[in-house]
Amino acid sequence: MSGVDQPDVLAAYDAVRSDKDETNWLLLSYAGAVGDKLVLSGTGKGGLAELTSKLDDGQAQYGYCRIEYANDSESKRVKFIVIVWIGEGTKVMRKARVSIESGAVKRVLSHHSIQVDARDRGDLDEKDIVARLRRAGGADYNGGRG
């Protein structure tokens, strides 16, 4: 898989992870209809909702997003997710290769709590993702009340 470890991708990844940078998501897309070259197709400060709006129904893409939520009335948590997007119009061969190629992406975007496999924008509901992050984190001092 080429392109995933390019300097611009690594810089965007560091920006999303940084507490001092407002960037909170990045999006990787395939450079062409064939091949495995990935390019940084976007970054932003508008969170999961903005990232979701940039997804292309005609292709497979990979997102990385910073999610902040209150764990209880006393604390705030920051977690990171990897999104493996396969749009409805993605070609069959590309869909088949994503399961193999996503491993290289996850090696570069290595610090994440969960992977979200999404085929529809409804799979990227922030409330549902925060609930998954809470379960993955183990401790829930709010009695499961969200």
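Is Thr23 buried or exposed? Select Thr23 and look. This is a predicted model. Thr23 sits in the loop between helix H1 (7–17) and strand E1 (25–30). Its relative accessibility is 12%, and buried means under 20%, so Thr23 counts as buried. Now show its contacts. Leaving aside residues up to four places away in sequence, Thr23 touches Ala15, Val16, Thr43, Gly44 and Lys45.

Next, select residues 60–72 and 75–86. These are strands E3 and E4, and they pair in the antiparallel sense over 12 bridges. A hairpin of 2 residues joins E3 to E4. Pick Glu68, then find Val78 of E4 standing opposite.

Select Trp85 to find a bridge: its partner in E5 is Ala118.

Now bring in helix H3, residues 92–108. E4, H3 and E5 together make a right-handed β-α-β unit.

Keep H3 selected. Center on Val98, where H3 bends by about 50°.

Which residues of H3 are buried? Color Arg94, Val98, Glu101, Ser102, Ala104, Val105 and Val108. An α-helix has 3.6 residues a turn, so residues three or four places apart point the same way.

Last stop: show what surrounds the buried residues of H3. They pack against H1, E1, strand E2 (38–44), E3 and E4.

Terms used. Residues numbered from 1 in each chain as written. Predicted model: local features only at pLDDT ≥ 70, side-chain atom pairs only at ≥ 80, totals over all residues. Heavy atoms only, no water. Pairing = 2+ DSSP bridges. Helix = DSSP H or I, 4+ residues; strand = E, 2+ residues; numbered from the N terminus. Right-handed = clockwise from strand over helix to strand, strands pointing away. Buried < 20%, exposed > 50% of the residue type's maximum accessible area, 1.4 Å probe, protein only. Contact = heavy atoms within 4.5 Å. Bend = angle between axes of the 7 residues up to and from the residue.
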